Amino acid sequence: MFEHLKSEIKAHAIECFPNESCGIIVGDQYLKQDNIAEIPTQDFKLSSNLWLQYPIQAIVHSHPFEVNKSNWDPRTPSKLDMTNQQETGIPWGITATDGTAALDPIWLGGP
């Protein structure tokens, strides 16, 4: 899903590290957005006005992480990610970055 946007999504995640990046996909283009969360290193929040301005196809955000040797995938969605994706009814992409490299996004929901 949205394979052609993978490099933009990953670059944005690296650029925002240690904060979570966030963006939207509109017209098959990735649009970077400001993360207005209170604690952007632990959460992301988009402006509520975006829903009025754009026909949003998908929401994307990153999970910053420190490299470790566990089997845990840092792109694993939180319970809140899963709940919010279901509430919006559109796909959500999650990438992860350590500030140097980023993983390909995984997608929740979708066609």
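**Exercise 1. In which helix is the place of Trp51?**

Solution. This is a predicted model, in which local features need pLDDT of at least 70, side-chain atom pairs count only at pLDDT 80 or more, and totals for chains, interfaces and linings use all residues. Residues are numbered from 1 along each chain as its sequence is written, and side-chain values use heavy atoms, with hydrogens and water left out.

Step 1. Trp51 belongs to helix α2, residues 50-53. Helices (H or I, at least four residues) and strands (E, at least two) are DSSP runs, numbered from the N terminus.

Step 2. Trp51 is partly exposed, at a relative accessible area of 42%. Buried means under 20% relative accessible area, exposed over 50%, and partly exposed in between, with a 1.4 Å probe and protein chains only.

Step 3. Leaving aside neighbours within four places in sequence, Trp51 is in contact (heavy atoms within 4.5 Å) with Ile56, Ile59, Thr88 and Ile90.

**Exercise 2. Give the strand order of the open sheet and describe the pairings of β1 and β3.**

Solution. Step 1. The order of the 5 strands is β2-β1-β3-β4-β5, with mixed pairing. Two strands pair if DSSP finds at least two bridges between them. The edge strands, each pairing on one side only, are β2 (29-33) and β5 (106-108).

Step 2. Strands of a sheet pair through backbone hydrogen bonds, either parallel or antiparallel. β1 and β2 run antiparallel and are joined by 5 bridges; here Val26 stands opposite Gln29. β1 and β3 are also antiparallel, over 4 bridges, and Ile25 stands opposite Ala58. β3 and β4 (residues 92-97) run parallel with 6 bridges, and the bridge partner of Ile59 in β4 is Trp92.

Step 3. Two helices are placed against these strands. Helix α1 (residues 6-16) packs on the sheet, touching β1 (22-26), β2, β3, β4 and β5, and its direction makes about 10 degrees with that of β2. Helix α3 lies across β3, β4 and β5, at about 150 degrees to β4. Axes are lines fitted to C-alpha atoms, for helices over the stretch in contact, and angles run from 0 to 180 degrees between N-to-C directions.

**Exercise 3. Is β1 largely enclosed or open, and why?**

Solution. Step 1. Of the 5 residues of β1, 5 are buried, so the strand is largely enclosed by the rest of the structure.

Step 2. In a regular strand the side chains alternate between the two faces of the sheet. In β1, Cys22, Ile24 and Val26 are buried on one side, and Gly23 and Ile25 are buried on the other.

Step 3. Next comes the turn. The hairpin of β1 and β2 has 2 residues between the strands, and Gly27 in the turn has a positive phi of about 60 degrees. Asp28 also lies in the loop between β1 and β2. Asp28 has a positive phi of about 60 degrees although it is not a glycine, and Asp28 is partly exposed, with a relative accessible area of 40%.

**Exercise 4. Which peptide bond is cis, and where does its proline lie?**

Solution. Step 1. The bond from Phe17 to Pro18 is cis, with omega near 15 degrees.

Step 2. Pro18 is found in the loop between α1 and β1.
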